[in-house]
Amino acid sequence: MRQFIVLGHDAPTTPDFSLDDIAGGAGRLDVLCRCVNSAFFLSHAIREDVRVHLVLGDEYTVRFEGSELRRLNPDERSTAALIRKALEKRDEAIGHMPAESSPGVSIRRMGFETTLEDAARDATVVELHEDGDPVVDVEPPENPLFVLSDHNDFTEAEAELLTEASDQRVRLGPEVLHADHSITVAHNYLDTAGYSQY
Ligand SMILES: C[S@@+](CC[C@H](N)C(=O)[O-])C[C@H]1O[C@@H](n2cnc3c(N)ncnc32)[C@H](O)[C@@H]1O
């Protein structure tokens, strides 16, 4: 299982945003939608062995489960609609119990710390950071949990939590990439690890 936590610092925590303004009024929700796209889409299939956790404003986490996903399309608008639908169910997410909003999509009343704790069970936590160790020097974990920030830096509090929880802090390459591109590179790294023909 490959997992990705993406921290949406400016992301909405209520459903009252317009699908026509996801890059503006919805706090760069477009970035998170592209991360979902990169995490799941192959050309003609979906990666089923993937789970994505979008942390929205450190209040809610929307989870996408590859093996159960239906109605996920490659465009950002329809992914934003799935997130909005999840937020419409937020009052049904009581304690840490999830509320499912569509097949494979659920919402939890959890910020980053709890989401990280929960997802890290049986996973190797890998902080994706442009200042980390070169990825080629790191043995690819069997069940990685990659943690990425959105268009902002990790906050100090997040960085501290990650320092405690991370098994690895990894740089995918010499350039600072967009979060969604980092996911594509991480997948490619794992897809090709150990296969010399690539
Ligand atoms: C656009 S970057 C975040 C902002 C960035 N600190 C900056 O100065 O622009 C989005 C996220 O992608 C990941 N990322 C970007 N470049 C990376 C790299 N070369 N190696 C590993 N992760 C990277 C990190 O998780 C980063 O927080």
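Visitor: Is Phe40 buried or exposed?

Guide: In this predicted model, Phe40 has a relative accessibility of 0% and therefore counts as buried. The cut-off for that word is a relative accessible area under 20%.

Visitor: In which element does Phe40 lie, and which residues of that element are buried?

Guide: Phe40 belongs to helix H1, where Leu29, Asp30, Val31, Leu32, Cys33, Cys35, Val36, Ser38, Ala39 and Phe40 are buried. Because 10 of the 12 residues of H1 are buried, the helix is largely enclosed by the rest of the structure. Those buried residues pack against S1, S2, S3, helix H2 (76–88) and helix H5 (179–192).

Visitor: What does helix H1 lie across?

Guide: Helix H1, residues 29–40, lies across strand S1 (2–8), S2 and S3, and runs at about 170° to S2. Helix H3, residues 112–119, lies across S1, S2, S3, strand S6 (124–134) and strand S7 (144–149), at about 175° to S1.

Visitor: How is the sheet itself to be read?

Guide: Strands of a sheet pair through backbone hydrogen bonds, either parallel or antiparallel. Here eight strands form an open sheet with mixed pairing, in the order S4-S5-S3-S2-S1-S7-S6-S8. Strand S4 (99–102) and strand S8 (168–171) stand at the edges with a single partner strand each, so one side of each has no neighbour in the sheet. On average, neighbouring strands of this sheet are turned by 30° against each other, direction ignored.

Visitor: How many bridges join strand S2 to strand S3?

Guide: Six bridges join S2 (residues 50–56) to S3 (residues 60–65), and the two strands run antiparallel. Across this pairing, Val52 stands opposite Phe64 in S3.

Visitor: How does one describe two aromatic rings that pair?

Guide: A pair of aromatic rings is described by the distance of the centres and the angle of the planes. A search of the whole structure finds two such pairs. Phe4 and Phe146 form a stacked pair, at 5.3 Å centre to centre with 20° between the planes. Since Phe4 lies in strand S1 and Phe146 in strand S7, this pair ties together parts that are 142 residues apart in sequence. Phe4 counts as buried at 0% relative accessibility, and Phe146 is buried with a relative accessible area of 5%.

Visitor: What are the values for the pair of Phe40 and Phe64?

Guide: Phe40 and Phe64 form a tilted pair, with 6.5 Å centre to centre and 45° between the planes. Phe40 lies in helix H1 and Phe64 in strand S3, so the pair ties together parts that are 24 residues apart in sequence. Phe64, at 0% relative accessibility, counts as buried.

Visitor: Which residue lies over the face of Phe17?

Guide: Arg84 lies over that face, at 6.0 Å from the ring centre of Phe17.

Visitor: What can be learned from the backbone angle phi?

Guide: Most residues other than glycine have a negative phi. Arg28, however, has a phi near 60°, a positive value. Arg28 lies in the loop between S1 and H1, and its 29% relative accessibility makes it partly exposed. Asp58 has a positive phi near 60° as well, and its place is in the loop between S2 and S3.

Key:
Residues are numbered from 1 along each chain as its sequence is written. This is a predicted model: local features need pLDDT of at least 70, side-chain atom pairs count only at pLDDT 80 or more; totals for chains, interfaces and linings use all residues. Side-chain values use heavy atoms; hydrogens and water are left out. Two strands pair if DSSP finds at least two bridges between them. Helices (H or I, at least four residues) and strands (E, at least two) are DSSP runs, numbered from the N terminus. Axes are lines fitted to C-alpha atoms, for helices over the stretch in contact, and angles run from 0 to 180 degrees between N-to-C directions. Contact means heavy atoms within 4.5 Å. Rings of Phe, Tyr and Trp (its six-membered ring) pair if their centres lie within 6.5 Å; planes under 30 degrees apart count as stacked, over 60 as edge-to-face and the rest as tilted. Buried means under 20% relative accessible area, exposed over 50%, partly exposed in between (1.4 Å probe, protein chains only). A charge sits over a ring if NZ of Lys or CZ of Arg is within 6 Å of the ring centre and within 35 degrees of the ring normal.
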